[in-house]
Amino acid sequence: VGRGSEENRLRSGAPPLVEFLGEVSDDRLIALYQGCQAVIFPSEDEDFGIVPVEAMAAGKPVIAHNSGGVKETMIDGKTGILVDELSADAFADAIKKFQGMSFDPAVCQRQAKKFSKDVFQRKIMELVVRKDL
């Protein structure tokens, strides 16, 4: 789902079972999250990483590279699996590990709520008020 600078390279090397959806509507994206078992997020050093937070908001665990903002937004073993090595083999091992685990959708959703717009606004206001004193 989505577009990016690596899209052409990824398409050219993808096996036939991989489907590239490009841009999708918000409703379609929500349906995709709700219909999946987990979201795989092999991005390296993503500043924040909205995709894992969106997946957790839908109650789904994430298998992600242990770098960038994901280290702050995910809880390894609770909201998904953090993978230390950015390689196909490491992610394949994580997927195998995932298949023997269970994740509570409510835990994923609670974690995602920590990064909601309301929480962000409240924390900013708390900082502003504290600075005024």
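This report walks through the fold, the nonpolar cores and the aromatic pairs of a predicted model.

Some ground rules: residues are numbered from 1 along each chain as its sequence is written. Local features need pLDDT of at least 70 and side-chain atom pairs count only at pLDDT 80 or more, while totals for chains, interfaces and linings use all residues, and side-chain values use heavy atoms, with hydrogens and water left out.

**Overall layout**

The protein has seven helices and three strands (DSSP runs numbered from the N terminus: H or I of at least four residues for helices, E of at least two for strands). Read along the sequence, they go α-α-β-α-β-α-β-α-α-α. The C-alpha trace spans about 60 × 30 × 30 Å along its principal axes. Of the 133 residues, 29% count as buried; that means under 20% relative accessible area, with exposed being over 50% and partly exposed in between (1.4 Å probe, protein chains only).

**The cores**

A nonpolar core here is a set of buried Ala, Val, Leu, Ile, Met, Phe, Trp, Tyr and Cys residues joined through side-chain atoms within 4.5 Å. The largest one has 15 residues, and Val39, Met56, Val62, Ala64, Val70 and Met74 touch the most other members. At least two residues each come from α2 (26-35), β1 (39-41), α3 (50-57), β2 (62-65) and α6 (105-113). The largest share, three residues, is from α3.

Take a look at Ala64: leaving aside neighbours within four places in sequence, Ala64 is in contact (heavy atoms within 4.5 Å) with Phe41, Val70, Met74, Ile81, Leu82, Val83 and Phe91. There's also a second, separate core of eight residues, including Ile81, Phe91, Phe98 and Phe103.

**The aromatic pairs**

The structure holds two aromatic pairs. Rings of Phe, Tyr and Trp (its six-membered ring) pair if their centres lie within 6.5 Å; planes under 30 degrees apart are stacked, over 60 edge-to-face, and the rest tilted.

| Pair | Centre to centre | Angle of planes | Type |
|---|---|---|---|
| Phe48 and Phe115 | 6.0 Å | 65° | edge-to-face |
| Phe98 and Phe103 | 5.6 Å | 15° | stacked |

Phe48 sits in the loop between β1 and α3 and Phe115 in the loop between α6 and α7 (117-132), so their pair ties together parts that are 67 residues apart in sequence.
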